[in-house]
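Dear colleague,

Please find below the sequence and structure that I am handing over to you. My notes on what was found follow directly after them.

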Amino acid sequence: MRDPLWAPGDTVVERFLRPDGSIGQHHPLRVIADDGTVLLGWLPADTPIVGSRLADGRLFREAPLEERFRVPRVRVADFWRDTSTLRRIADDEWSSVWWFFDAGGHFLNWYVNLEVPLGRTPSGPDRIDGILDVAVEPGGRWQWKDEDEAEEAVLAGRITAGQLERLRAEGERIGALATAGRFPFDGTWTDFRPEPDWAAPGLPDGLL
């Protein structure tokens, strides 16, 4: 069966699944390009999303590290805040690359969300957030993010030790590209501007 192919201007929803198969966050993206295996999508600031909180009402970052992956989570209506992102999501890669832009449309930096790829559905790509991430500054300097959380996620059963090893290898691959100034860290799409007549992508009804 052929993977879904989306046209520029379509709206798709990137879903972040939990290991038990339940769905956590939903991020709507405006399709910029798609070849059936690599999606380029746009998520502007203030777009409604489905986010998540701990079941006791706390934000994820408000809980002590040892509780963050052990307290149940619930989905909540939220917004994508402060920055806009252009995302490159390749079906067979354990990461997606996000270009961050400020309110004036100026490129800020890259953030590489390390993820377990789960393929695509007719509505959009499915991923498991790998917790561990890579931040890349203009010029290619890069650093790991959330290493302590990744280790705790393994202890809590949120991801497996084998998955974390694969995610670290992906981060090293990404870091080598950044250091060398190779795609996608070669300036490609840092001057991106969305079509002026495109509204923010929307979420389907009934997600909450």
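According to UniProt, in an unreviewed entry, the feature "domain: DUF402" is at residues 61-182; UniProt positions are given in the numbering used here, feature names are shortened, and annotations may be inferred rather than shown by experiment. Please note that this is a predicted model, in which local features need pLDDT of at least 70 and side-chain atom pairs count only at pLDDT 80 or more, while totals for chains, interfaces and linings use all residues. Residues are numbered from 1 along each chain as its sequence is written, and side-chain values use heavy atoms, with hydrogens and water left out.

Helices (H or I, at least four residues) and strands (E, at least two) are DSSP runs, numbered from the N terminus.

The largest pocket

The volume of the largest pocket is about 1,300 Å³. A pocket is an open set of points on a 1 Å grid over the protein atoms alone, where a 1.4 Å probe fits, with protein on both sides within 12 Å along at least five of seven lines; lining residues have an atom within 4 Å of a point. Grid points are joined across faces, edges and corners, and the volume is the space filled by probe spheres set on the points.

The lining of this pocket comprises 39 residues, and Q25, S52, F60, R73 and D129 lie nearest the centre. Several strands supply at least two lining residues each, among them strand 1 (11-17), strand 2 (23-34) and strand 9 (124-136). The largest share, 4 residues, comes from strand 4. By class, 16 lining residues are nonpolar, 8 polar and 15 charged, where Ala, Val, Leu, Ile, Met, Phe, Trp, Tyr, Cys and Pro count as nonpolar, Asp, Glu, Lys and Arg as charged, and the others, Gly among them, as polar.

R120 is part of strand 8 and is buried, with a relative accessible area of 12%. Buried means under 20% relative accessible area, exposed over 50%, and partly exposed in between (1.4 Å probe, protein chains only). The side chain of R120 makes polar contacts with the side chains of D34, at 3.0 Å, and D91, at 3.1 Å. A polar contact is a pair of N or O atoms within 3.5 Å; within protein, one must be able to donate a hydrogen and the other to accept it, and residues adjacent in sequence count only if both atoms are side-chain atoms.

E149 belongs to helix 1 and is buried at 3% relative accessibility. A polar contact of 2.3 Å links its side chain to that of R61. Not counting residues up to four places away in sequence, E149 is in contact (heavy atoms within 4.5 Å) with F60, R61, L65, R68, F69 and I131.

Backbone details

Most residues other than glycine have a negative phi, and most peptide bonds are trans. In this model, a cis peptide bond with omega of about 10° joins F183 and P184, and P184 lies in the segment after helix 2 (161-180). W189 is also in the segment after helix 2; its phi is positive, near 70°, and the residue is partly exposed at 29%. D146, in the loop between strand 10 (142-145) and helix 1 (147-155), has a positive phi of about 65° and is buried at 18% relative accessibility.

With kind regards
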